[in-house]
Each structure stands twice: as structure tokens, then as C-alpha cells.
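Here is a short briefing to read alongside the model. Keep the viewer open, and let's walk through the fold together.

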Amino acid sequence: MAAASLTAPSLTAQADAADGHVAAAQVQAAVEDDGAGCAVPTPGSSPANPLLPDPFRKVNGTRISAKSDWRCRRTEIRELAQSSVYGQKPARPASVTGTVSASGITVNVTDQGRSASFSASVSLPSGSGPFPAVVVLGGLGADTATLKASGVAVINYDPYTVGREGTARNNKQGAFYSVYGSSSSTGLLMAWSWGVSRIIDVIAQSGGNLLKADATGVTGCSRFGKGALVAGAFDQRIGLTMPIESGSGGVPVLRGGFRGKTTPSL
């Protein structure tokens with residue numbers, strides 16, 4: 001519920017009622033987290049509640065009544081999701097550099113005196129760029145042939161290079177944990193989300209001649225569908241989030257039963 005509340009599409013279609021013309025989707029300018037300056041009270045323990053919580057009711061019990069209030073309410077939900085499920089997503093690293101080419105993206109990160117690198121492959125559609133792009137987690141997600149036929153570039157991102165599954169919680173591995181520590185309390189799904197954000201950083205720095213940083217989507221299936229959901233929820237620059245068959249802990253309501261999933265496993 002929290003992640004779904006965080007995911008806010010930034011793609012808007014404009015229609016002209018006079019002639020029925022529908023303009024191409026336009027991407028609104030966005031930042032990774034526009035609520036970074038909001039003061040968020042410590043959530044504390046949540047009361048028992050078998051029903052879905054009201055996403056528009058603030059932690060202090062008051063209900064927001066204006067669209068302008070959503071920015072900071074969203075930040076409260078973000079903090080609840082981090083403290084209760086995913087672990088903290090660090091602020092943008094001190095240094096993010098890399099390259100963008102027709103075949104791949106490299107990402108180099110330095111923060112808190114530690115560095116790590118990872119890469120992703122790129123497959124371009126026909127035509128001339130710059131192209132919108134969809135990050136595909138683990139090679140599984142929305143049909144890539146359809147994406148490319150629509151003029152969208154495909155970025156194949158292996159989340160395991162950023163956070164590897166099957167490792168002990170005090171010995172986590174991957175680029176994220178090389179920077180933030182092998183015993184970091186941040187879970188794999190959030191680490192994968194962090195990797196998508198750093199890919200977007202590099203695209204934004206590349207000058208936009210090949211890929212558009214302000215027209216980026218993310219997709220994944222099953223476990224990677226959960227990762228796609230978290231990536232879209234925690235980076236407002238992502239204009240389209242397409243989780244597929246994300247299962248328990250993904251798009252379906254988390255409250256009431258995990259069917260084998262536990263919060264720590266997420």
C-alpha cells in the first residue's frame with residue numbers, strides 16, 4: 001500500500017477537445033525525491049488495523065485537504081515504507097559518473113570514502129535519438145520487442161550486480177553494499193532501486209543525445225517486478241512503472257498475509 005501510494009506517474013497526455021487531437025505524452029520535469037526538505041515526525045509503532053489505512057491521513061492524525069499537501073504526505077509514506085519494509089535509500093551519492101553508448105551504460109559511484117561500479121546493456125530502436133528508455137530488471141518484464149517497435153530504448157539491468165541474493169545478512173554483496181557496508185539494513189529491493197536511480201543519474205549527465213533522462217520507465221517480472229515497483233516508488237524521475245506478476249510484497253495488498261513472504265525477506 002505504501003509503495004503504491006508513492007508511485008506517482010509523471011507522464012501526462014494533453015488533448016485538444018476542439019479537433020480531437022491528442023498530443024504526444026509529455027514528461028513533467030522531476031527530481032529523484034521532491035520531498036527531501038519535508039520535516040517528517042518519527043512514525044513510531046503502527047496501531048493494529050485490519051483495514052487499509054487512509055493514504056491522505058498524516059502521521060499526526062490530520063487529513064490533507066489540498067494538492068499542495070501531498071508532497072510532504074508522500075514523504076511520510078516514503079519514510080513509513082523505508083522504516084517498516086525496505087530499509088533506507090541513501091541520498092544521492094557524493095559522486096556519480098559514467099558513460100552512455102549505443103550498447104551500454106557504465107556507472108561509477110563514490111560515497112563516504114567507498115567506491116563501486118556496475119553496468120547495464122542498451123538496445124536501441126531504429127531511427128535517430130534521443131530515445132525514451134525503459135529499464136528492464138533481470139531481463140524479465142514488459143515485452144522488449146514491443147517497446148523497441150514503439151521507439152523506446154531498452155536498458156537491461158542485472159540487479160544482482162548491485163545486490164546479490166542468497167548472501168548472509170551480515171555479508172551482503174554487490175555494488176550497493178560495497179559502498180554502504182555488507183551489514184547495511186537496507187534490503188535488496190531498495191538496493192536494486194538505488195541502482196536504477198544511479199543509471200538515470202548517468203543518463204542525465206550524458207547530455208541527452210542518445211537517451212532521454214526525463215522519459216524513463218522501469219519494468220520487471222516476479223521478484224524483479226517487486227524491484228520495479230520499488231524503483232518507481234522511490235524515484236520521481238521515473239514516468240512509467242510496469243511491474244508484472246510481482247506477487248506478495250509487490251503490487252498486491254501487503255496487509256493480511258504474505259503467502260510465504262516475510263518482511264525481512266523483502
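Strands β10 (residues 211-221) and β11 run parallel and are joined by 6 bridges. Across this pair, Val218 of β10 faces Thr241 in β11. Please keep in mind that this is a predicted model.

- The open sheet is built from 7 strands in the order β5-β6-β7-β9-β8-β10-β11, and its pairing is mixed.
- At its edges are β5 (95-100) and β11 (238-244), each of which pairs on one side only.
- On average, neighbouring strands of this sheet are turned by 25 degrees against each other, direction ignored.
- In general, the strands of a sheet pair through backbone hydrogen bonds, in either a parallel or an antiparallel manner.
- The β6 and β7 pair is antiparallel, with 8 bridges, and Gly104 has Ser121 in β7 as its bridge partner.
- The hairpin of β6 and β7 has 2 residues between the strands, and Gln112 there takes a positive phi near 55 degrees.
- Strands β7 and β9 also run antiparallel, joined by 3 bridges; here Val122 stands opposite Ile155 in β9.

**Helix α5**

- Helix α5 covers residues 188-205, which makes 18 residues, and its first and last C-alpha lie 26 Å apart, close to the 26 Å expected at 1.5 Å a residue.
- How many of the residues of α5 are buried? The count is 16 of 18, so to speak a mostly covered helix.
- Just after α5 comes Gly207, with a positive phi of about 95 degrees.

**Helix α6**

- Why is α6 described as largely enclosed by the rest of the structure? Because 11 of its 11 residues are buried.
- The buried residues of α6 include Arg223 and Lys226, along with Phe224, Leu229 and Val230.

**Nonpolar cores**

- The largest nonpolar core has 44 residues, and those with the most contacts inside it are Ile105, Ile155, Tyr157 and Ile199.
- Helix α5 gives the most to this core, with 11 residues.
- Beyond its neighbours within four places in sequence, Ile199 is in contact with Ile105, Val107, Phe118, Ala120, Ile155 and Tyr157.
- Apart from this core lies another one of 7 residues, among them Val134, Val136, Val152 and Val154.

**Confidence and overall figures**

- The mean pLDDT of the protein is 85, with 83% of its residues at 70 or more.
- Over residues 1-28 the pLDDT is below 50, and this stretch has 43 contacts in the model beyond near neighbours in sequence.
- Of the 266 residues in the protein, 41% are buried.
- Among contacts with a separation of 6 or more, 59% are between residues 24 or more positions apart.

Conventions:
Residues numbered from 1 in each chain as written. Predicted model: local features only at pLDDT ≥ 70, side-chain atom pairs only at ≥ 80, totals over all residues. Heavy atoms only, no water. Helix = DSSP H or I, 4+ residues; strand = E, 2+ residues; numbered from the N terminus. Expected span 1.5 Å × (residues − 1). Buried < 20%, exposed > 50% of the residue type's maximum accessible area, 1.4 Å probe, protein only. Pairing = 2+ DSSP bridges. Axes fitted to C-alpha atoms, helices over the stretch in contact; angles between N-to-C directions. pLDDT = per-residue confidence, 0-100. Contact = heavy atoms within 4.5 Å. Core = buried A, V, L, I, M, F, W, Y, C linked by side-chain atoms within 4.5 Å.
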